[in-house]
Amino acid sequence: MTPISGVLPEATNHAADIDYIFKFMAVAAMAIFLIVEGFLLYFVLKYRMRPGDDPEALGSNIHGNTRLELVWSAIPALFLIVLSGMCYKVYFDIIAPHADAYVIDVTASQFSWTCTHPEYNVTEYSSCHMPMGEQITLNLKATDVIHSFWVPEFRVKQDAVPGYPTRMHFETTRVGTYHLICAEFCGVGHAYMRANVYVMTKSDFLAWIKQQQQAQAAPVGQVSFKKDIETLFAAHCMACHISNNLGGLSLATYNGLLKGGAIVPGSVFKAGDHKDSVIWKIIQPGTGQPGGNRMPLGGPYLSSHDINTIAAWIDQGAKNN
Amino acid sequence: MATAAIGLGVPDHAQSRGGSWAWVRRYILSTDHKVIGLNYMYTSIFFFIIAGLFAEVIRMNLAQPGSKVVSPDVFNQLTTIHGSAMIFLFTIPMLVGGFGNFLMPLMIGAGDVAFPRLNLLSYLLFPPAGIIMFLGFLFGGAAQAGWTSYPPISIQTPPGLPHDYGQICWLVSVIFVGVSSTITAINFLVTILNMRTRGMSFHRLPLFIWAMLVTVILTLVVTPALAGALTVQLLSIVFGIPFFDPAKGGNVLLWQHMFWFYSHPAVYIMILPGMGIISEIIPVFSRKPIFGYKAIAYSSAAIGVLAFLVWAHHMFTSGIQPWLETYFMFATMIIAVPTGIKVFSWVATLFEGKLRLESPLLFALGFVSTFTIGGITGIFLAAVPVDLQEHGTYFLVAHLHYVLFGGSVFAIFSGLYMWWPKMTGRMLNEKLSKLHFWLMYISFNCTFFPMHIIGLLGMPRRVADYDPQFGAFNLFISISAFVLGASFLVFFYNAAVSLARGEKAPANPWGGRTLEWTVPSPPGHGNFARVPVVSGGPYDFTKPAAWFGPTPTEGSEELT
Amino acid sequence: MSATSVATESAHGPTRTNTGLSNGLIGVMCFLTSEMALFGSLIFMYLYVRRASPSWPPCQMTVGNHCAAVYSPFAWQYPTVNTVILLSSGVTMHFAFQALRRGRMRAMYTLLIATIVLGLAFLGGQAYEYTNLIHNEHLTMAVNIYGATFYMLTGLHGAHVTGGIIFLLVLLIGTWKGRFGLHKPMVPHAATLYWHFVDAVWVVLFALFYLTVP
């Protein structure tokens, strides 16, 4: 059996422990499988009736064998006790918090992930950067329904439950890019609720943090409709509102923005006032969006930088520039 | 009293009253446990076909990454109803309502169940309950939160709909099915405790009856607990009562505890009767007693007790307290022991047997081989550190299908092939039966074994789409699933030909020693012309099954 | 009677059963077990949310991030009276059944009617308690888990009392018409067991909601 670690690298300190237990179990499973299926097949082949056998013949009148039954009850029981002991130890290692861990607040909502770094006041959308070689604590929060934080290379998983904060503790042991997958059914966008996890060396991580802090502080300059806004629309709204005109709304042209849609008619912006503009309100998190649903429908949602860009364009007059 | 009967119709008191409604009185409103049992089977198989077709659409959508055979919300409805219908509208009614009703009174030597009219009521609740589950499709969409129906997603109104009618239909449907099950459980428990024939002590009961006994005790105690949970969820949706709303003091994890307290014992309700069927078939087709009768009987009881104590192993990643996680891990590991005892005993029964490799035995052996795999992967999932990787992935989908399909469905078909002559009075075509077995067994393993691998490699469950790297596996799985679906066509053709012009069945085509084989195929109303008296166990092939007590004017006679 | 069935439906008089108890009696005990399971799961629900809640009674009003006011505990004085009423009906029911078994029908009717009247009084008492809570404490089912669990459990219990009263009325009329009685004690026995069950559930609920909240 190919070790999983050959195909799916181990990226946390827990992964090695978990893979070890998995391999231990796999060996035992293979043994049980071969014994049970082997005897089954052997008996079927050896004791089957063949043409010419006496049709009235009976099998041996065996009712049981107490010693054999005790043995085949005791051995699995012993194996399971040993296994439980191994699991017990590893489980308590997995859930043990570390006082000096690097904290990341993870928020799960339908259908995107948000990672906030409280130490540096940096927030990232649909991605999660982590330093390598450090103890990490993730504080998991869900805003709407149950989600589950799963990075297969990390080998651990934890549900994010509304109203009930949960935590994960691990040490990153391998640089790389991994997929964060939602592992608890959360609605129509469940299959698409993904993010990239970037585990970087400490120095790379700090450099990235610095870059984020500068970008978030920097004001949004002059925004161009053709260069900035249309690019955003193409990236995030193409499938529904450029190829398909769903909801009667087309974002393919500036006139389409003026016309609006069938569900929310009228111009999508109010020039000079982003807070009163449909297009700005409809991409906000939470509830109460015009039409009843946050856009893009089902996520992934726009980053705060992109939202600010749209807001800035509206405040600058929402011109066709 | 005449016990001859013709074909499927069972002569009934109602038969003497003619008229155009005689058919309804005789076949739908009969209180005869055999008619009711067959009705459960027809209705269950109907829902099995629909739920199976849903599975084929699911596999069509998953055959390739990025395909949009159905939209994501319809996909979620299909997965939800597939699971719910297979569990509540097929497996449980088929095993308990179908096989339980038909066989149990016969096997204990009774004329019917303790409360025949209540039995009819139980059945009559079932088809409407099933239809209600599907009604959601007519009201904007069926339930789409998975068969586990976790809040908050299950109480969230789906986008675009004014109310979640589908979820309301689902909740009402399952409540109805639960009421039906509970009434049946009371009926069967009283019957088994009180109506066993002379000489039928507990240690002479067929193992199917031991299995049914534990099953109905489980049903009696946990189904009302589910009803409580379902009612509370229904109130949450219809009236906005904040049981699961953290903003008003409610608790999201509450549902999971209440739901799994029922649903874990439910999986034993779904497998124990199947195991009972296997325990009946292997001795008959090996021509020797079951190995370890007491061990199998007592392990069923042990599983019944332990079933109540392990529910939160479905919640290892949900954030429950560490001491609870370790307790549930230990308890779940323990439950593997009595299960393993059964598997070893079945295999040991084959030793020095005279094995007749006919279709009932083939399906029984198929069950043992696939259920063993399912049981093994269950241990993987019980180990908490490993479960943290496997929960919510296709590894779990593989495990559950190995135990529910490889287990319950194989056992159901094993039982159908075994008792078909007794229930219908006809024989099936053995060549077609074997063809069905091989097609089903091979395609089943091809469909579900690869799921273990993609689960471990990173494919979550309940997804309408997936990463391209899993494309080849999923295509192979989907193709195998179509072959699996097609294998049932062989069964239906075989069944139709048998019913139309199959060879007439003798009373005891397989040489069984349980009491149902001492009466004609099919049995008449009232089952036994004279009280059967049992003087030994049900797997002693050196002796006849029973001798019969005196009729009012005759002496007793042995059965040859 | 056909020799094919060892114990037919209980209405046909005594038949041989393996346990010595009639089918109907075991059936009623099974039914009450399922009812215990139903109430059990909802009591579990109450205990679970109570333990998981930061305080009990829970928070009524939050200001910012912390709790400004909690709900007050339910006053136990008035419901104690109601409990005594219900338990008294259990006593009258017990003696009504005893009277039936001794053939003392006049005493049976008196005690049975007393049971029904006391049961109705209990329901009236519950209606008063609900009205008080809704108008004075503004506690409804939808406003908070505190109300949701209270009304769910006591409401389900009240529905069972109502069903029980209907059952007793059927028993009363049926006995008067000769359908049940000394010669057919199964249904009266079932009704007695059911009524005691309803009493027992109330004792548990009364203790949980009124006596164990400081």
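This is a predicted model: local features need pLDDT of at least 70, side-chain atom pairs count only at pLDDT 80 or more; totals for chains, interfaces and linings use all residues.

1. Let's begin with chain A. Its domain assignment lists domain 1 (4-44 + 65-94), domain 2 (102-217) and domain 3 (225-315).

2. Next, the meeting of the two chains. Here 68 residues of chain A are in contact with 72 residues of chain B. On the chain B side, at least two residues come from each of several helices, including α3 (72-108), α8 (293-307), α10 (359-382) and α13 (430-457). The largest share of that side belongs to α9(B), with 14 residues. By residue type, the side of chain B that touches chain A has 44 nonpolar, 19 polar and 9 charged residues.

3. The largest nonpolar core holds 285 residues, and L189(B), I209(B), I278(B) and A383(B) are the ones that touch the most other members. Helix α7 (residues 252-286) of chain B is the top contributor to this core, giving 22 residues. Chain A takes part too: domain 1 (4-44 + 65-94) and domain 2 (102-217) of chain A each provide at least three residues. Another core lies apart from this one and has 21 residues, with V278(A), Y301(A), L302(A) and A318(A) among them.

4. Setting aside neighbours within four places in sequence, I278(B) is in contact with W346(B), A364(B), F367(B), V368(B), A411(B) and S414(B).

5. Do have a look at helix α4 (residues 116-135) of chain B as well. The 20 residues of this helix reach 30 Å from first C-alpha to last, close to the 28 Å expected at 1.5 Å a residue. Among the buried residues of α4(B) are P116(B), Y123(B), F126(B) and M133(B). Which helices do the buried residues of α4(B) pack against? They pack against α2 (33-62), α3 and α5 (165-194) of chain B.

6. Finally, V106(A), which sits in strand β1 (residues 102-109) of chain A. Why is V106(A) classed as buried? Because 23 other C-beta atoms lie within 10 Å, and the cut-off is 20 or more. Beyond neighbours within four places in sequence, V106(A) is in contact with W113(A), C115(A), L138(A), N139(A), L140(A) and F149(A). As for A312(A), it is 206 residues from V106(A) in sequence and 28 Å away in space, C-alpha to C-alpha.

Note on methods:
Residues are numbered from 1 along each chain as its sequence is written. Chains are lettered from A and ligands numbered from 1 in the order in which they are written. A nonpolar core is a set of buried Ala, Val, Leu, Ile, Met, Phe, Trp, Tyr and Cys residues joined through C-beta atoms within 7 Å. A residue is buried if 20 or more other C-beta atoms lie within 10 Å of its own, exposed if 12 or fewer, and partly exposed in between; C-beta atoms are placed from the backbone. Helices (H or I, at least four residues) and strands (E, at least two) are DSSP runs, numbered from the N terminus. Domain bounds come from an automatic or database domain assignment. Two residues are in contact if their C-beta atoms, placed from the backbone, lie within 7 Å. Ala, Val, Leu, Ile, Met, Phe, Trp, Tyr, Cys and Pro count as nonpolar, Asp, Glu, Lys and Arg as charged, and the others, Gly among them, as polar. The expected span of a helix is 1.5 Å times one less than its number of residues.
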